[in-house]
Amino acid sequence: MSKNEAITYSGKTALISGAAGGIGFALAKEFGELGMNVVIADIDEAALENAKQQLELLNINVLACQLDVTEYAQWQACIEQTIATFGKLHMVVNNAGVGGVPGKIEQTDHDIWRWVIDVNLMGVLYGTQAATPEIKRHGEGGWIINVASMAGMMGVPYASSYSATKAAVVSMTESWSVELKPHNIHVAALCPAFVKTRIHESLRNKQDKYKSAKELKEFTPEEKERYKKSFGQAAAFVESGIPADLLAKRVVEALDSGQQYIFTHPNYKEATDYRAALISKAFNDAEQSNLVKHLIGDDMVSL
Ligand SMILES: NC(=O)c1ccc[n+]([C@@H]2O[C@H](COP(=O)([O-])OP(=O)(O)OC[C@H]3O[C@@H](n4cnc5c(N)ncnc54)[C@H](O)[C@@H]3O)[C@@H](O)[C@H]2O)c1
């Protein structure tokens, strides 16, 4: 959907991962109220059923689909169900994500990194890969909205797995945005700072396949205490965040004007300005380098 084109949402279909709660549910409600059919997909079966009932009470056309975003076959099944129910797919919101466990690099378990990478990064790849052929098929154009984070715009200390995956999501968005533009598919990265959800309780969604044998039995009291401490500060930040409903309205406002990076917290601009200034200074340093300054003026490769 290109900029300045009048956007019609009504009658189109959106598939939203992680839509049983938090940001995903708020987006499902917002797009549903704009007249879209919504497919809510989530790993948490009970929460999914509850979300479905809430959306039905608002007279929204809704299909619930149980989905673990780390399983590509489940994405394919969910998209098949979407087409069987609503005929076409126009939008995928790759929203499902987990916060990992904040902590020092020496303390971070490899299984936590694998879990965070699989959900936050591979989940976004799988969703886009499974949905893109269907969005291309009808020729009406559409949207891929990837839920990144401000953490994708700057590496957050003690949250490197989370930041790394969110930076990857921003990068994937930039690549796909160029690739899919000729098909009138708008690809956007949503980059919020704190939003009041249950992201700090992400361990509730950690699949058995990412748990150590010890963890499958039970956390020791020391481990419980460590996790509780790790989340303490993050929980306070999340609790102070903006409401998810406000964020959902901001997303629609940004899509209406074709924005590729969707920011919800203008007060965080200082952070990206600081990063941009550091990068600019580093280029100035390279321009002064006797080793490489002969490259100034050469054309850069542009794809
Ligand atoms: N809350 C914030 O402050 C904040 C800030 C920036 C970005 N985000 C991003 O927003 C997105 C949504 O998170 P939220 O804040 O609403 O958190 P949340 O924990 O409230 O909701 C996440 C939803 O994703 C589901 N989910 C988790 N693992 C899944 C999996 N493997 N497959 C399918 N569903 C799964 C959960 O069941 C839950 O319904 C995430 O990508 C998160 O990183 C959140």
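Which residues does isoleucine 79 touch, not counting residues up to four places away in sequence? In this predicted model, the contacts of isoleucine 79 are Leu15, Leu89, Ala130, Ala131 and Glu134.

## Nonpolar cores

Isoleucine 79 belongs to the largest nonpolar core, which has 40 residues. Leu15, Trp75, Ile79, Trp115 and Ile144 are the residues that touch the most other members. Two or more residues of this core come from each of the strands E2 (37-42), E3 (62-66) and E6 (185-191), and from each of the helices H3 (72-86), H4 (110-137) and H5 (160-180). Helix H4 contributes the most, with 9 residues.

There is also a second, separate core, made of 36 residues. Tyr9, Ala28, Phe31 and Leu190 are among them. As a general background, nonpolar side chains in soluble globular proteins tend to be buried together.

## The sheet

The model contains an open sheet of 7 strands with parallel pairing, in the order E3-E2-E1-E4-E5-E6-E7. Strands E3 and E7 (261-263) are at the edges; each has a single partner strand, so one side of each has no neighbour in the sheet. From one strand to the next, the twist averages 20°.

Two helices that pack on the sheet can be described by their contacts and directions. Helix H2 (residues 45-57) touches E2 and E3, and its direction makes about 175° with that of E3. Helix H8 (residues 244-256) touches E4 (91-94), E5 (142-147), E6 and E7, and its direction makes about 140° with that of E7.

## Strand E1

Strand E1 (residues 13-17) runs parallel to E2 and is joined to it by 5 bridges. Alanine 14 has valine 38 in E2 as its bridge partner, and isoleucine 16 stands opposite isoleucine 40 in E2.

E1 is mostly covered, with 5 of its 5 residues buried. Thr13, Leu15 and Ser17 point one way from the strand, while Ala14 and Ile16 point the other way. In a regular strand the side chains alternate between the two faces of the sheet. Leu15, one of the buried residues of E1, is also among the residues that touch the most other members of the largest core, and Leu15 is one of the contacts of isoleucine 79.

## Ligand surroundings

The ligand is surrounded by 31 residues, of which Asp42, Asn95, Tyr162, Val195 and Thr197 are the closest.

- A polar side-chain atom of threonine 197 is 2.6 Å from an oxygen atom of the ligand.
- An N or O atom in the side chain of aspartate 68 is 3.1 Å from a nitrogen atom of the ligand.
- A polar backbone atom of leucine 67 is 3.3 Å from a nitrogen atom of the ligand.

## Positive phi in two asparagines

Which phi value does asparagine 59 have? Its phi is near 60°, a positive value in a residue other than glycine. Asparagine 59 is in the loop between H2 and E3. With a relative accessible area of 72%, asparagine 59 is exposed.

Asparagine 184 also has a positive phi, of about 60°, although it is not a glycine. The residue is in the loop between H5 and E6. Asparagine 184 is partly exposed, with a relative accessible area of 26%.

Technical notes. Residues are numbered from 1 along each chain as its sequence is written. This is a predicted model: local features need pLDDT of at least 70, side-chain atom pairs count only at pLDDT 80 or more; totals for chains, interfaces and linings use all residues. Side-chain values use heavy atoms; hydrogens and water are left out. A nonpolar core is a set of buried Ala, Val, Leu, Ile, Met, Phe, Trp, Tyr and Cys residues joined through side-chain atoms within 4.5 Å. Buried means under 20% relative accessible area, exposed over 50%, partly exposed in between (1.4 Å probe, protein chains only). Helices (H or I, at least four residues) and strands (E, at least two) are DSSP runs, numbered from the N terminus. Contact means heavy atoms within 4.5 Å. Two strands pair if DSSP finds at least two bridges between them. Axes are lines fitted to C-alpha atoms, for helices over the stretch in contact, and angles run from 0 to 180 degrees between N-to-C directions. A residue is near a molecule or strand if one of its heavy atoms lies within 4 Å of it. A polar contact is a pair of N or O atoms within 3.5 Å; within protein, one must be able to donate a hydrogen and the other to accept it, and residues adjacent in sequence count only if both atoms are side-chain atoms.
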